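Here is a quick walk through one chain, from overall build to single residues. Have the viewer open and follow along.

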Amino acid sequence: MHLLVTSLVSQISAAPACKAKPGQSDEILIIGGWNCERSVAKFNTKKIQWSNMPDTNIARRWPSAVNYNQQILLMGGRQGSTYYNSVEMLDLNDENPKWDSNLPSMGEERCLFASVLLDGLVYCAGGYNGTGSLSSCESYNPEEKKWSSIRNMNIKRSSHSLVSARGLLYALGGGVSNCATNTAECYDPRNGKWEYIPPMKTCRYGLTAVVLNNEIYAIGGYDGSKYLSSVEKYNLDTKTWIDVPSMNHLRSGGSACVVDGLIWVFGGYGAKTVEFYDPATNKWQVSTNMDSERNFPCVLSI
Ligand SMILES: *[C@@H]1O[C@H](CO)[C@@H](O)[C@H](O)[C@H]1NC(C)=O
């Protein structure tokens, strides 16, 4: 029985005739999560409707994903004591998309890592490989289908977040063996250097982060003793962190993306709910439930 076949799953909405650029449709893809690793759902933020998407080929716990021109690249993760460097891809431009495992693998096995797109390249940073947490980073050129390693971060990070803004990468929080850090650092591909930026106010392991209106939002996580609903944001001009109202629910291992100027956040440890933040009202609002608890899902606007 497919995990998503529940009363919460409404009928599949008609596919748009012409594929929008990522983030231009009203839809979000939610991949995996604890105990439903292969399951993929699509959420329509306007209709508040769920639909099923094809299961991934491999059950990947704690993978990371990016959306490259509507090609969903799902990387790494683990299953039991096997750590993956393999990659699979779902091309949403296809009429009947199927996960394709015929892609080059990352240089390193990683779970609990973070990935993001910047100027046509996929960047992956840190994670955990079964032996230790990682500071190593690599980039993937989807046109050349080639991985290259880049400079290590200043510290080892797993369960951190990675975002891109104004031509730079930002690695936020995470930690080593569940020891949460508030440090953040920034990578400039032009000089290949990682440099610290001011630390977050709160240590956050298992946070999620997004960029909206020139600000980086650091959302939830675990501070070393408790799960967090708190949120803070970093202004790229003033280079300072300030508090944002807290979410309605505690979320460590939640995952967020931006659609139409709103931040949507899904799941996390013990959290079945979906909520969104509107910068205009400066408020979080619970939208609906997911089909099941999803801890560390991958969430992408499509
Ligand atoms: C895992 O990462 C550590 C560094 O933290 C490295 O020494 C080790 O070789 C890696 N193991 C594998 C299997 O890649």
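Predicted model: local features only at pLDDT ≥ 70, side-chain atom pairs only at ≥ 80, totals over all residues.

Two strands count as paired if DSSP finds at least two bridges between them. Keep that in mind for the sheets below.

## Overall build

Let's start with the whole chain. Its secondary structure comes to 0 helices and 28 strands. The radius of gyration is 18 Å, close to the 19 Å that the globule rule gives for 302 residues, so the chain is as compact as a globular protein of that length. Along its principal axes, the C-alpha trace spans about 45 × 45 × 35 Å.

How much of the chain is buried? Buried residues make up 47% of the 302. As for contacts with a separation of 6 or more, 50% of them come from residues 24 or more positions apart.

## The sheet that holds β1 and β28

An open sheet of 4 strands runs in the order β3-β2-β1-β28, with antiparallel pairing. The edges belong to β3 (49-53) and β28; each has a single partner strand, so one side of each is left without a neighbour in the sheet. From one strand to the next, the twist averages 25°.

Now for the pairings inside it. β1 and strand β2 (residues 40-44) are antiparallel and share 5 bridges, and the bridge partner of L29 in β2 is K42. On to the other pairing: strand β1 (residues 27-31) is joined to β28 by 4 bridges, again antiparallel. Here I30 stands opposite V299 in β28.

Side chains in a regular strand alternate between the two faces of the sheet. In strand β28 (residues 298-301), C298 and L300 point one way while V299 and S301 point the other way, and all are buried.

## The sheet from β24 to β27

Another open sheet of 4 strands has the order β24-β25-β26-β27, also with antiparallel pairing. Neighbouring strands here are turned by 25° against each other on average, direction ignored.

Zoom in on strand β26 (residues 273-278), which pairs with β27 in the antiparallel sense over 6 bridges. In that pairing, E275 has V286 of β27 as its bridge partner.

## Around the ligand

Which residues are around the ligand? They are E108, E109, N129, T131, G132 and L134. By class, that shell has 1 nonpolar, 3 polar and 2 charged residues.

## Two residues with positive phi

Most residues other than glycine have a negative phi. Q70 goes against that, with a positive phi near 70° in a residue other than glycine. Q70 sits in the loop between β4 (64-68) and β5 (71-75). Is Q70 buried, exposed or partly exposed? With 18 C-beta neighbours inside 10 Å, Q70 counts as partly exposed.

L112 is not a glycine either, yet its phi is positive at about 50°. You'll find L112 in the loop between β9 (99-100) and β10 (114-118). L112 has 26 C-beta neighbours inside 10 Å, and 20 or more is the cut-off for buried, so L112 counts as buried.

Next, look at W241, which is in strand β23 (residues 241-244). W241 is buried, with 21 other C-beta atoms within 10 Å. Leaving aside its neighbours within four places in sequence, W241 is in contact with P198, M200, K201, E232, K233 and Y234.

Last stop: I58, in the loop between β3 and β4. I58 counts as partly exposed, with 17 C-beta neighbours inside 10 Å. I58 and A171 are 113 residues apart along the chain, and their C-alpha atoms are separated by 27 Å.

Methods: Residues numbered from 1 in each chain as written. Axes fitted to C-alpha atoms, helices over the stretch in contact; angles between N-to-C directions. Near = placed C-beta within 6 Å. Nonpolar A, V, L, I, M, F, W, Y, C, P; charged D, E, K, R; others polar. Rg over C-alpha atoms; globule rule 2.2 N^0.38 Å. Buried ≥ 20, exposed ≤ 12 C-beta atoms within 10 Å, placed from the backbone. Contact = placed C-beta atoms within 7 Å.
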